[in-house]
Amino acid sequence: MAEPTAGAEAAPGMPQLDFSTFPNQIFWLIVTLVVIYVVLTKIALPRIGGALEDRHDAIANDLEQAATLKRRAEEAEEAYNAALAQARADAQKIAADTKAEIQTEVDAATAKADAEIAAKAAESEARINEIRASAMEAVEQVANETAAAVVEAILPGAVDDDALKSAVTAALKG
Amino acid sequence: MAESDGGSGLNIHPMDQFVVKPLFGGDVVHWYTITNVTLWMALTVAAVSAVLVLGSRKRALVPSYSQSVAELLYGFVHKMVQDVAGKEGVKYFPYIMTLFTFILGANLLALIPTSFSTTSHIAVTAVLALAVFITVTAIGFIKHGAGFLGLFWVSSAPLALRPVLAVIELISYFVRPLSHSIRLAGNLMAGHAVLKVFAGFAGVLGVGAVVPIAAIAAIYGLEVLVAVIQAYVFTILTCVYLNDALHPSH
C-alpha cells in the first residue's frame, strides 16, 4: 500500500479532505445508489414482499380452515348428542308403553281369574247349602221316624204325627 | 496490513488506506476515472444483490437459510420505517432500504483486510446525508406547505420562549446533515485507522506482537458491531427526519 503517490498525497493528513477526488467519489456513489435502487425495486423487494405476503395469506388461510373444521366438528358433536338424547327418550317411551300394556293385560287376567274364582265359590257354596239342607231333611226324617218308633214302643197307638213332628222340630232347633 | 520499512522504527501510515487511487494507472483522478472507490462500490452492489436477489430467488413458502436472511433484512427495515415514520412513511421504504443496504454492505466489506472503505469518506456520507436532508425538507414543504415551519415553532412552550426555541430548532435542523454524515464517516475512519496503527505496532514488536494482534482481534469485533450499528443509526435517523417531515406538529 505504501506507494510513492500515497506518500506524496498523504502528507497533509486526511485523504478524506482531498477535494480533488470528490467528483470521482460522488459520481460513483450516485451510480451505485441508482443501481442498488433499481435492483431493489425491480427485483428484490417485490419478490421478498410477495413471499412475505404469500406466507401471511397461507397462514391466515390455514387458520381459517382450522376454524371451519373445528366448527364442523362441534356441529357433529352437537348432532350426535341430540341423536343420543332422542334415542334415549324413545327407548324410555317404548319401555313405559310396554310396561303399561303388560299391566293392562295382567289386570284383565287378574280380573277374569277373580271372577271365575268368585263364580266357582258361589257354586260350591250353593252345593254345600243344598247338601246341608238335604242332610238336615234326612236328619229330621230319621228323627221323626225314630221318635215315632220310640213312641209306638212305649205307648202303642198313641202316635200323633203332627204333635210328634212339631216336637221333633222344636227339639232339633233347641 | 502490517507494513514497516525494514522493521527499523515506527513507520505507520494509518491514513494511507483511505487514499483514492486510479485502478489502471495514472495519477489524475477525474470524475469518471475507475478507482478503488468504483471497485468497492461495485462489490457492495454485488454483495447486496447476492443477499437480496439470490436470497429471494425461490420465493418459498418455507424460507431457506438465504431467503430468511433476505426476509429478515426486509422485515427489519420495513418495520423500522413503519414504527418510526408511520404508515405514510412506508411509501419511502425502497429509498430507505437502498440507503441501509448500501451503508451496511459498504461498512462490512470495508472490514476485509486491504479493502477500501467507501463510507469512511466525507464525500460519500455527505452526499447521502444531503440527499436525505434535501428530500425530507422537500417532502415537508410539499405535504404541508408553510405548515412545515411549525416544526420550528414549539407550540407547547411558553409564548415568550418560542422565538428563542425557533432559532435553536432552526440551527439544529441545519446541523442535521453535518452530524448525520460525520457520524458515519468518523466512526468508520477512526476504527480503521486504529486497526492500522495496531497493525503497525505488530510489525515492529517482534515476539511482543502478540499484544497488538490480540488488540486487533478485539477491535475488529468492535468494528463489526460499529459497522452494523452505524448503518442502523444512519437509517433510523433518516426515518426520524422523514417522520418530522410527515408529521411536523410538535
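Figure 1. A:Asp54 is partly exposed because its relative accessibility is 35%, where partly exposed means between the limits for buried (under 20% relative accessible area) and exposed (over 50%), with a 1.4 Å probe and protein chains only. Its partner here is B:Arg59, and the two side chains meet in a salt bridge at 3.0 Å, N to O. A salt bridge is a side-chain nitrogen of Lys or Arg within 4 Å of a carboxyl oxygen of Asp or Glu. The pair joins two chains, since B:Arg59 lies in the loop between α1 and α2 of chain B and A:Asp54 in helix α2 of chain A. B:Arg59 is likewise partly exposed, at 37% relative accessibility. Over all chains, the count comes to five salt bridges.

A word on the model and its numbering: this is a predicted model, in which local features need pLDDT of at least 70 and side-chain atom pairs count only at pLDDT 80 or more, while totals for chains, interfaces and linings use all residues. Residues are numbered from 1 along each chain as its sequence is written, chains are lettered from A and ligands numbered from 1 in the order in which they are written, and side-chain values use heavy atoms, with hydrogens and water left out.

**Figure 2. Salt bridges within single helices.** In helix α2 of chain A, A:Lys93 and A:Asp97 are four residues apart, about one turn of the helix. Their closest N and O atoms are 3.9 Å apart in a salt bridge. A:Lys93 counts as exposed at 54%, and A:Asp97 as partly exposed at 42%. Now look at helix α2 of chain B, where B:Lys79 and B:Asp83 also sit four residues apart. This salt bridge has its closest N and O atoms at 2.9 Å. B:Asp83 is exposed, with 52% relative accessibility, and B:Lys79 is exposed at 51%. Helices here are DSSP runs (H or I, at least four residues), and strands are runs of E of at least two, numbered from the N terminus.

**Figure 3. The largest nonpolar core.** This core has 58 residues, and A:Leu29, B:Leu52, B:Met97, B:Phe102, B:Leu128 and B:Leu242 touch the most other members. Helix α2 of chain A and helices α1 to α6 of chain B each supply at least two residues of it. The largest share, 10 residues, comes from α3(B). A nonpolar core is a set of buried Ala, Val, Leu, Ile, Met, Phe, Trp, Tyr and Cys residues joined through side-chain atoms within 4.5 Å.

Figure 4. Chain B has six helices and zero strands, and 46% of its 250 residues are buried. B:Phe148 is found in the loop between α4 and α5 of chain B. At 1% relative accessibility, B:Phe148 counts as buried. In the loop between α3 and α4 of chain B you will find B:Leu111, which is buried with a relative accessible area of 7%. B:Leu111 and B:Tyr220 are 109 residues apart in sequence, with their C-alpha atoms 7.9 Å apart in space.
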